[in-house]
Amino acid sequence: MLPFSLKRDGIALRAFEPTDVHALFAYLNDPDLEGRRYLPDGFPDLAPLSARHVEGILERWQKESESWTLAAVDTSSGALLGHVRADWEWDLHCPSACVVIAPPQQRRGIGSAVLAVALAFLFEETPAHVVSGWMSSWNEPAIAFAQRNGFSEAGRRPRGGVHAGAFYSEVAFDLLRAEWLMRKETHHVA
Amino acid sequence: MSLEGKLVVLREERREDQRLFADLRNDLVTQAWAKTLPPDYTEEMHVKRFEGLEFTYERTSSRLVIVEKTSGQAAGFVSYTGEQHRMSASIGIVVAKDFWGTGAALDAQETLLRFLFEELGLREVHLWTHSGLPKAIDLAGRSGFAVCIRLRESVYKFGGLFDAVIMSLLREDYFARHPDMTDRLPRID
């Protein structure tokens, strides 16, 4: 069974639909997500997004052939909770993954559940050997999330940008397939 | 005007450089790509790419040919890509094996760095390489780059797994290494 069939703890993954524009618009414009929305190149990560922007984002996600971005939804209400992305455009040997959860839905285990789907897809359905994740040094919840999910910090590139009047670093994490397998065995990760 | 170093000048790309570019791309060592490309590049392919270049005032990327001053020969090229205005860029360098050990690569790297920090006002310059290329790591280190990220076993090349290595050079560290130069940009911190 493919990992996309995740239905656990009231969460399911599905493809984005044009009708998701309003819900996506709402959570992408949550001020708490500014700078960590993981948008396609060319879309502003630090400014309010218009409905037109969001339509463009959905269109880009749907056209990409070497990545997927899926919607995480609440199975009972159908509400959009966030999105998860797996990207192997550079090299299927070393793809990357990211997760964005609407701020009101955070700290419920949704991020870890959908990340597990991305990792299962990459490690079980592709030749991926190692998966990376990238985040800003000011994004402490994301750093804690990566550590909690078995990733190791690979280092920090200074001057990733400016935030709150100071430079921040770009932080890289990685997870080897062997580590993922061991963790899966230990934690019974889906 | 070209960018002038001690041993080399960096100039714009010309049609006659395209044979060299194809040769460099077809050598698995000098192709400078972390995933091997097949050695099937032709001069015609490079000429077509060259002729497709458009006039632009954009400066987010550039490729400059390294010309050794004494011989007048093209030795390879340096490039920068992904320039985030007034912030950062990633550089690359490819030098033909005949010019290894001549100092041309280091001088070309230094000449490009001077342009990036003095003219483009960048705050940081970085480069990607991998642990299977100790010469590349050493060359970067000689200009003051330090390893900042090491992604484990992310590169498969020469029949082995290597770490992807990102090296970084901060603006203030660059100027500290060049006391003859003065940094007139205000600091942000």
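Biologist: Which residues does Val114(A) touch, not counting residues up to four places away in sequence?

Modeller: This is a predicted model. In it, Val114(A) touches Leu13(A), Ala72(A), Val84(A) and Val99(A). Val114(A) also belongs to the largest nonpolar core, which has 97 residues; Val114(A), Ala118(A) and Ile66(B) touch the most other members.

Biologist: Which helix gives the most to this core?

Modeller: Helix H3 of chain A, residues 110-125, with 11 residues.

Biologist: What makes H1(A) roughly perpendicular to H2(A)?

Modeller: The angle. Helix H1 (residues 21-28) and helix H2 (residues 51-63) of chain A pack at about 110 degrees, with their axes 9 Å apart. Angles of 65 to 115 degrees count as roughly perpendicular, so H1(A) is roughly perpendicular to H2(A).

Biologist: Which residues meet there, and how do they divide by class?

Modeller: From H1(A) come Val21(A), Leu24(A), Phe25(A) and Leu28(A), and they meet Ala51(A), Val54(A), Glu55(A) and Leu58(A) in H2(A). Seven of the contact residues are nonpolar, none is polar and one is charged.

Biologist: Why is Ala164(A) called exposed?

Modeller: Ala164(A) has 6 other C-beta atoms within 10 Å. The cut-off for exposed is 12 or fewer, so Ala164(A) is exposed. Ala164(A) sits in the loop between strand S7 (152-163) and strand S8 (166-176) of chain A, and has a positive phi of about 55 degrees although it is not a glycine.

Biologist: What makes Phe158(B) buried or exposed?

Modeller: Phe158(B) has 12 C-beta neighbours inside 10 Å. Exposed means 12 or fewer, so Phe158(B) counts as exposed.

Biologist: Which strand gives the most to the side of chain B that touches chain A?

Modeller: In that contact, 19 residues of chain B meet 19 residues of chain A. S7(B) gives the most to the side of chain B, with eight residues. By class, that side has eight nonpolar, four polar and seven charged residues.

Technical notes
Residues numbered from 1 in each chain as written. Chains lettered and ligands numbered in written order. Predicted model: local features only at pLDDT ≥ 70, side-chain atom pairs only at ≥ 80, totals over all residues. Axes fitted to C-alpha atoms, helices over the stretch in contact; angles between N-to-C directions. Helix = DSSP H or I, 4+ residues; strand = E, 2+ residues; numbered from the N terminus. Parallel < 35°, antiparallel > 145°, perpendicular 65-115°, else oblique. Contact = placed C-beta atoms within 7 Å. Nonpolar A, V, L, I, M, F, W, Y, C, P; charged D, E, K, R; others polar. Core = buried A, V, L, I, M, F, W, Y, C linked by C-beta atoms within 7 Å. Buried ≥ 20, exposed ≤ 12 C-beta atoms within 10 Å, placed from the backbone.
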